[in-house]
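Here is my note on the model you sent. Please keep the viewer open and check each point as you read.

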Amino acid sequence: PVQSEASTAGWCVIVPTSDGRVHVLDAQSGAAVWALQTGGMVKCRPVLVSPDSVAVACYDRHVYLLHLPSRSARWRHELNAPVAAPPCGDGGGGDHLLLLAADLSGCVVGLEVGSGRRVFTCKLANPVFAAIVSIGVRRWVILE
């Protein structure tokens, strides 16, 4: 079942599902192009981080970067707890763009989009359920 918004990326629609799959559909025909099976529910909107890459947060404690042209996960990064809020880019550019993700333990990480490498970590007092909002390069608002 679908429990979140889908996202669009030019030629395709990315649909997260609570059975752990992320479906990529052709935007013109609606035909299935490919699907990624994760290890847990995907209950938040996928986030377009470049014209050909989408970040997906999952209840299996991972954030995935999907590379749409190659129909594969470019990387995945494990957090401390399930991830319920969609990740957020920082408005930077290219592979140096940072992706911010937060989990239900209050752990917040900054991930380099090009590699998935953890650049920073901070710990909040409460879990993060709401969307993270970018207010500029390397500046975010996180509601806890």
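**Notes, starting with a serine**

1. The side chain of Ser4 reaches the backbone nitrogen of Arg45 at 2.9 Å.

2. A word on the basis. This is a predicted model, in which local features need pLDDT of at least 70 and side-chain atom pairs count only at pLDDT 80 or more, while totals for chains, interfaces and linings use all residues. Residues are numbered from 1 along each chain as its sequence is written, and side-chain values use heavy atoms, with hydrogens and water left out.

3. Where does Ser4 lie? Find Ser4 in the segment before β1 (7-9). Strands are DSSP runs (E, at least two residues), numbered from the N terminus. Ser4 is buried, with a relative accessible area of 18%. Buried means under 20% relative accessible area, exposed over 50%, and partly exposed in between (1.4 Å probe, protein chains only). Ser4 touches Pro16, Lys43, Cys44 and Arg45, not counting residues up to four places away in sequence. Contact here means heavy atoms within 4.5 Å.

4. Now the sheet that includes β1. It is open, has 4 strands in the order β1-β2-β3-β4, and pairs in the antiparallel sense. Two strands pair if DSSP finds at least two bridges between them. The edge strands are β1 and β4, and each pairs on one side only. Neighbouring strands of this sheet are turned by 20 degrees against each other on average, direction ignored. Such angles use axes, which are lines fitted to C-alpha atoms, and run from 0 to 180 degrees between N-to-C directions.

5. Look at Gly10 next. Gly10 sits in the loop between β1 and β2 (12-16). Is Gly10 buried or exposed? Gly10 is exposed, at 75% relative accessible area. From Gly10 to Ala27 is 17 residues in sequence and 7.8 Å in space, C-alpha to C-alpha.

6. Strands β3 (residues 21-26) and β4 (residues 32-37) deserve a close look. They pair in the antiparallel sense over 5 bridges. Val22 stands opposite Leu36 in β4. Leu25 has Ala32 as its bridge partner in β4. The two strands form a hairpin with 5 residues between them, and Gly30 in the turn has a positive phi of about 80 degrees.

7. Stay with Leu36, which is found in strand β4. Leu36 is buried, with a relative accessible area of 15%. Which residues does Leu36 touch? Leaving out residues up to four places away in sequence, Leu36 touches Gly20, Arg21, Val22, Tyr64, Leu66 and Ala73. Asn80 is 44 residues from Leu36 in sequence and 22 Å from Leu36 in space, C-alpha to C-alpha.

8. A further sheet has the order β5-β6-β7-β8. This open sheet of 4 strands has antiparallel pairing. Its edge strands, β5 (47-50) and β8 (72-78), each pair on one side only. Neighbouring strands are turned by 25 degrees against each other on average, direction ignored. Inside this sheet, 5 bridges join β6 (residues 53-57) to β7 (residues 62-67), and the two run antiparallel. Val54 has Leu66 as its bridge partner in β7.

9. How many disulfides does a search of the whole structure find? The search finds 0 (a disulfide is a pair of cysteine sulfur atoms within 2.5 Å). Cys58 is in no disulfide, and the nearest cysteine sulfur, that of Cys44, is 8.5 Å away. Cys58 counts as buried, at 0% relative accessibility. The sulfur of Cys88 is 12 Å from the closest cysteine sulfur, in Cys44, so it is too far for a bond. Cys88 also counts as buried, at 9% relative accessibility.

10. Last, the aromatic rings. The count comes to 1 aromatic pair. Phe120 and Trp140 form this pair, which is tilted: 6.0 Å centre to centre, with 45 degrees between the planes. Rings of Phe, Tyr and Trp (its six-membered ring) pair if their centres lie within 6.5 Å; planes under 30 degrees apart count as stacked, over 60 as edge-to-face and the rest as tilted. Phe120 lies in β12 (residues 118-123) and Trp140 in β14 (residues 139-141), so the pair ties together parts that are 20 residues apart in sequence. Phe120 is partly exposed, with a relative accessible area of 29%.

Methods:
Polar contact = N/O pair within 3.5 Å; in protein donor to acceptor, adjacent residues only side chain to side chain.
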